Amino acid sequence: MKKLIIACVAVGCLMLTGCSKKNPQPSPTPSATPSAEPTMTPSASPETVEGLKGIMDAIRRNDEYQLPMSMDVDDTVLVDMYGLSSDLVKDYAIFMPAMNVHATEIILVEAQDGKLDEVRKALDKRMETVEQTWSTYLPEQYELVKNRKTLEEGNVIAIVIADQADAILQEISDSLNAAAQ
């Protein structure tokens, strides 16, 4: 028994030592796994962002929002989770948390011309799924879902589920208006 305890302590020490080492050089390319937490730089002004991904990047960089770690959303996720394909969507940017303990979700979708109704229906279906998921899970996160904010400007639909949903939606609106001018 004594040998087992010593072995467990030794393994634990090795694990802690291995975890505490720092990589001296940063990774040269971003990984496809969950992204790092948002940096502490202020949001870019609406005039400096381009496209929906630029708007989302500005939101992610704004430390006032305190967003959780996120995962990359690619075309496969867009189809599988949102029911949206390239024939419906011209551009998109989606913030989705890496862990399922946060309901935070920010969706920016620009519909193809004439496809706005179909995009709206797909996003409504996604919101029904999100509501069902969180209604039986974490009550404070379910409140975020119920209090989500939406915006529709031209062919762009924005849905914000977050603690600071009003401020985030205002930043999106300001950015879209600045881009339209």
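Me: Is Trp-134 buried or exposed?
Reply: Trp-134 counts as buried, because its relative accessibility is 8% and buried means under 20% relative accessible area, exposed over 50% and partly exposed in between, with a 1.4 Å probe and protein chains only. Bear in mind that this is a predicted model, in which local features need pLDDT of at least 70 and side-chain atom pairs count only at pLDDT 80 or more, while totals for chains, interfaces and linings use all residues. Residues are numbered from 1 along each chain as its sequence is written, and side-chain values use heavy atoms, with hydrogens and water left out.

Me: How many aromatic pairs are there?
Reply: The count comes to 1 aromatic pair, where rings of Phe, Tyr and Trp (its six-membered ring) pair if their centres lie within 6.5 Å, and planes under 30 degrees apart count as stacked, over 60 as edge-to-face and the rest as tilted. The rings are those of Trp-134 and Tyr-137, with centres 5.1 Å apart and planes at 40°, so the pair is tilted.

Me: And Tyr-137, what does it count as?
Reply: Tyr-137 counts as partly exposed, because its relative accessibility is 40%.

Me: Which ring does the charged end of Arg-126 sit over?
Reply: It is the ring of Tyr-82, with the charged end of Arg-126 5.0 Å from the ring centre; the rule asks for NZ of Lys or CZ of Arg within 6 Å of the ring centre and within 35 degrees of the ring normal. The charged end of Lys-53 likewise sits over the ring of Tyr-92, 4.4 Å from its centre.

Me: Switching to the sheet, in what order do the strands come?
Reply: The open sheet has 5 strands in the order S1-S2-S3-S5-S4, with antiparallel pairing; strands (E, at least two residues) and helices (H or I, at least four) are DSSP runs numbered from the N terminus, and two strands pair if DSSP finds at least two bridges between them. S1 and S4 (149–153) are the edge strands, each pairing on one side only.

Me: How many bridges join S4 to S5?
Reply: There are 5 bridges between S4 and S5 (residues 156–161), and the two run antiparallel. Leu-151 stands opposite Ala-158 in S5.

Me: Last one, where does Gln-66 lie?
Reply: Gln-66 lies in the loop between helix H2 (51–61) and strand S1 (70–71), and its phi is near 50°, a positive value in a residue other than glycine. Gln-66 counts as exposed, because its relative accessibility is 67%.
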